[in-house]
Amino acid sequence: MVTTAQILADRALQTSCGEQCVDWAIGLLETGRETSATCRLAAKLKPHNHFELASLRDQILVELGVYDTSDDDAIIMYSAELLGRANDGTVELDTAIAEVKDMYVANDLDPSEIYDFYLLYFARADLKEQEFQYYWPDANRSNIEQITRDCVHKFVAEHRNRGITI
């Protein structure tokens, strides 16, 4: 399911608006949020025109009252949502950390709040291949999982109230 937090993060990262935007609009319709723009976006078929879909996406975000969400907040909200899914087991932990790392790398605004997941991604990768890593102090094969889980729990607890439930 594509969420509003994901759509906001994609917009912040200037990701092309395509099938994900259409799926998001369909999800909004399924939850009873029917507007003219939502219906038009949900009805779009391939091939998609990014500019047309992005315009409809932005109209919907205005209608939902979240259009003015800053890029940093959007990325942090989606990171918290994604890591929360890793907490509850609906997303693999490595997959969630990799996606948060990718958002950190792709974002020119550098939200330092997700930098730890950049470091953890590479520490975990190194420890899968060798006995040592240089990214996280005192992390080794016996404790990296617990360190990662603790960081995920702390991040989600600190940022869950920033989330958008639409």
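Helices (H or I, at least four residues) and strands (E, at least two) are DSSP runs, numbered from the N terminus. This is a predicted model: local features need pLDDT of at least 70, side-chain atom pairs count only at pLDDT 80 or more, and totals for chains, interfaces and linings use all residues. Residues are numbered from 1 along each chain as its sequence is written, and side-chain values use heavy atoms, with hydrogens and water left out.

**Exercise 1.** Find how many helices and strands the chain has.

*Solution.* Count the runs: 8 helices and 0 strands. Then read along the sequence: the pattern is α-α-α-α-α-α-α-α.

**Exercise 2.** Find which residues of α4 are buried and what covers them.

*Solution.* Buried means under 20% relative accessible area, exposed over 50%, partly exposed in between (1.4 Å probe, protein chains only). In α4, Leu53, Ala54, Leu56, Arg57, Asp58, Ile60 and Leu61 are buried. Their cover includes α1 (4-12), α2 (19-30) and α3 (36-42).

**Exercise 3.** Decide why His159 counts as buried.

*Solution.* Locate His159: helix α8, residues 144-159. His159 counts as buried because its relative accessibility is 6%. Leaving out residues up to four places away in sequence, His159 touches Ile76, Ala80 and Glu113 (contact means heavy atoms within 4.5 Å).
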